Amino acid sequence: MKTTTIDNLKAIKADGNKFAAITAYDFSFASLIEAAEIEVTLVGDSLGNVIQGQDTTLPVTVDEMAYHTAAVKRGIARSLLVTDMPFMSYGTEVQALDSAAILMQAGAQMVKLEGGEWLANTVYSLAERGIPVCGHVGLTPQSVHKLGGYKVQGREDAAAQKMLAEAKVLEEAGADLLVVECVPSSLGKALAQLLDIPVIGIGAGPDTDAQVLVLHDMLGISRKPPKFSKNYLAQASSIQEAISTYGNEVRGGVFPGPEHCF
């Protein structure tokens, strides 16, 4: 696999192909992801849940994200490294720039922010300063208390139309990628068709440009893996094989299947 760049991912979308993303939090698993030729590695604030044992992602700090980013970076050379900006680390544009600088200096090649139109100016400020941005719409775990729990988003037509409009605003502000989480498959497809930038789905159906899963979910070691995940270790002889199979099934359009969709 060649070194993954934003232009590579856009070309994959333009050609009608798919790519895979997966979370990582340390050097050892990052090395396995690199060997499996997974195009995008995400240092997710999901580390709050699967590494720290927290109930939500909210307690995770910028310094903790930077620590794990640096560890993951040592394990990859070709996969594109994206890091989540944690809860309330981008409440203002100045705060976002400061937080992003810490994460980029730790090894991130892109930062990910949760939210819609309200983030447009922040996305623009980051992009103008050479910091690539991945947006995140749909179920945004940092807003779990406001959303009333981990529920599918965008089921009603008005909510779906609002999400489409906000995603377009993020793209126009300078976002290079978009994650959409826990939405009906039809909305995941509509987002991928609407945007020129690649759309990465997680519980968003088979028609997004890419898929991402939390490492511990797809290895079957999370306490309660979500419906949209699949235990790839169950049929594999090693973690390496499980990760490689995941990547191949995403690129081949095999995953997600109907049982993983809303």
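**Entry 1: second pocket**

Which element gives the largest share of the lining of the second largest pocket? I looked this up in a predicted model, and the answer is H8, with four residues.

I then noted the volume of this second largest pocket, which is about 520 Å³. There are 22 residues in its lining, and I found Gly115, Gly116, Trp118, Thr140 and Ser143 closest to the centre. Strand S5 (133–138), helix H7 (144–147) and helix H8 (157–173) are the elements that give two or more residues to this lining. I also sorted the lining of the second largest pocket by class: 10 residues are polar, eight are nonpolar and four are charged.

**Entry 2: largest pocket**

Next I went to the largest pocket, where I got a volume of about 900 Å³. I counted 36 lining residues, and those closest to the centre are Asn49, Tyr150, Val214, Asp217 and Pro226. By class, I have 16 nonpolar residues in the lining of the largest pocket, plus 10 polar and 10 charged.

**Entry 3: helix H9**

I wanted to know which residues of helix H9 (residues 185–194) are buried. My list reads Ser185, Leu187, Gly188, Leu191 and Ala192. Looking down the axis of H9, I see these buried residues fall within an arc of 165 degrees, so they line one face of the helix. A reminder to myself: an α-helix has 3.6 residues a turn, so residues three or four places apart point the same way.

What about the other side of H9, and which residues are exposed there? I found Ser186 and Gln193.

I also checked what covers the buried residues of H9, and the cover includes helix H1 (6–14), H8, S6 and strand S7 (199–202).

**Entry 4: His68**

Last stop was His68, which I located in helix H4 (residues 62–73). Is His68 buried or exposed? Its relative accessible area is 12%. The cut-off for buried is under 20%, so I put His68 down as buried.

Which residues is His68 in contact with, once neighbours within four places in sequence are left aside? I wrote down Tyr25, Val43, Leu47 and Ile51.

How values were computed: Residues are numbered from 1 along each chain as its sequence is written. This is a predicted model: local features need pLDDT of at least 70, side-chain atom pairs count only at pLDDT 80 or more; totals for chains, interfaces and linings use all residues. Side-chain values use heavy atoms; hydrogens and water are left out. On a 1 Å grid over the protein atoms alone, a cavity is a set of points where a 1.4 Å probe fits but cannot get out, and a pocket is an open set with protein on both sides within 12 Å along at least five of seven lines; lining residues have an atom within 4 Å of a point. Grid points are joined across faces, edges and corners, and a volume is the space filled by probe spheres set on the points. Ala, Val, Leu, Ile, Met, Phe, Trp, Tyr, Cys and Pro count as nonpolar, Asp, Glu, Lys and Arg as charged, and the others, Gly among them, as polar. Buried means under 20% relative accessible area, exposed over 50%, partly exposed in between (1.4 Å probe, protein chains only). The arc is that of the directions from the helix axis to the C-beta atoms. Contact means heavy atoms within 4.5 Å.
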